[in-house]
Amino acid sequence: MASSFVFGVRTILGLVMALGALAPQAAEAARAFFVFGDSLVDNGNNNYLATTARADSPPYGIDYPTRRPTGRFSNGLNIPDFISQHIGSEPTLPYLSPELTGSRLLVGANFASAGIGILNDTGIQFVNIIRMFRQFEYFQEYQNRVTALIGPQRTKQLVNGALILITVGGNDFVNNYYLVPYSARSRQFSLPDYVKYVISEYRKLLTRLYDLGARRVLVTGTGPLGCVPAERAMRGRNGQCAADLQRAADLYNPQLVQLVKDLNSQYGSEIFVAVNTGKMQYNFISNPRAFGMLTNPFFMYGLFKEKIIGDSCCSNKSIIFTLVLNLFVRILRGFKI
């Protein structure tokens with residue numbers, strides 16, 4: 001969970017471009033927004049669960065409007081919050097929140113749960129988390145609840161017209177294959193074969209999401225998994241990125257992009273948009289001026305890395321998080337989705 005912050009920053013940068021890619025499908029009015037995935041997009045569901053994968057204590061939330069932890073694995077707003085702002089909607093509530101009733105259901109819902117992965121055995125150390133199959137069961141339950149409010153036809157229109165974000169996959173490496181030396185999955189698969197297996201399971205998840213009515217879906221890849229501070233501290237050598245996790249991301253992301261292309265071809269429509277966050281963050285770092293920055297913000301982030309490695313959530317990171325999110329907002333204003 002400690003790596004969520006820096007990976008989240010990089011994911012935001014990738015989503016900037018992906019939101020622009022959805023521009024031709026824009027609806028004039030705000031539409032529903034649904035979120036599936038892990039800690040990068042969880043906005044509080046795990047607060048309602050007996051699990052160690054939680055973000056309900058300081059310093060999480062130190063830059064949130066209330067200055068209190070909310071269950072977001074962030075110092076402030078997270079990726080879904082900024083997407084909600086851009087589509088002109090109020091933030092989605094966690095699906096487990098008792099406040100998600102009545103007309104608030106029509107805004108959408110966040111089903112994400114920190115610690116989960118594509119595979120059901122990912123994150124077993126966190127015990128009680130909402131795995132992907134259960135998130136989809138909740139999505140079906142959600143549709144039943146909305147049908148009782150507005151009827152089946154309008155519910156179908158709401159779901160078909162919604163924007164959907166799914167962010168999952170990193171934990172299948174960090175909290176599964178590479179969780180411990182000689183993990184069960186690493187004994188079962190070589191890394192290339194494991195990546196193929198994870199992608200095949202992801203295909204099933206995206207197919208199920210389509211069957212549940214999803215028609216506009218942002219699918220994020222993994223960032224540079226080996227470069228997040230926690231992994232550099234535990235697995236890297238001499239402060240360098242962890243080579244094994246970097247290789248995993250390099251194998252995984254292109255195959256995810258190909259999966260999205262294959263599914264769109266299968267359905268005959270651009271249902272899914274692949275967000276290659278790894279490639280996009282590299283473009284951002286290598287050419288910051290193209291994104292309105294005078295210098296590379298991750299260089300400045302590196303000035304704080306020793307403290308961040310020592311303390312997985314410290315006040316220094318709010319400086320960088322605010323800097324990058326301000327960039328995100330500036331660029332995002334130019335897109336229509």
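Predicted model: local features only at pLDDT ≥ 70, side-chain atom pairs only at ≥ 80, totals over all residues.
1. The sulfurs sit 2.0 Å from each other. If you're wondering about others, a search of the whole structure turns up one disulfide.

2. Buried or exposed, for C227? C227 has a relative accessible area of 12%, and the cut-off for buried is under 20%, so C227 is buried. C241 comes out at 30% relative accessibility, which lies between the 20% and 50% limits, so C241 counts as partly exposed.

3. Now the helix pair. Helix α3 (residues 132–150) packs with helix α7 (residues 191–211) at an angle of about 0°, and their axes are 11 Å apart. Angles under 35 degrees count as roughly parallel, so α3 is roughly parallel to α7.

4. Which residues make that contact? From α3 you get M132, F136, F139 and Q140, and from α7 they meet L205, R208 and L209. By class, the contact of α3 with α7 has five nonpolar residues, one polar and one charged. Under that classification Arg is charged, so R208 is the charged residue here, and Q140 is the polar one.

Conventions: Residues numbered from 1 in each chain as written. Heavy atoms only, no water. Axes fitted to C-alpha atoms, helices over the stretch in contact; angles between N-to-C directions. Helix = DSSP H or I, 4+ residues; strand = E, 2+ residues; numbered from the N terminus. Parallel < 35°, antiparallel > 145°, perpendicular 65-115°, else oblique. Contact = heavy atoms within 4.5 Å. Disulfide = S-S within 2.5 Å. Buried < 20%, exposed > 50% of the residue type's maximum accessible area, 1.4 Å probe, protein only.
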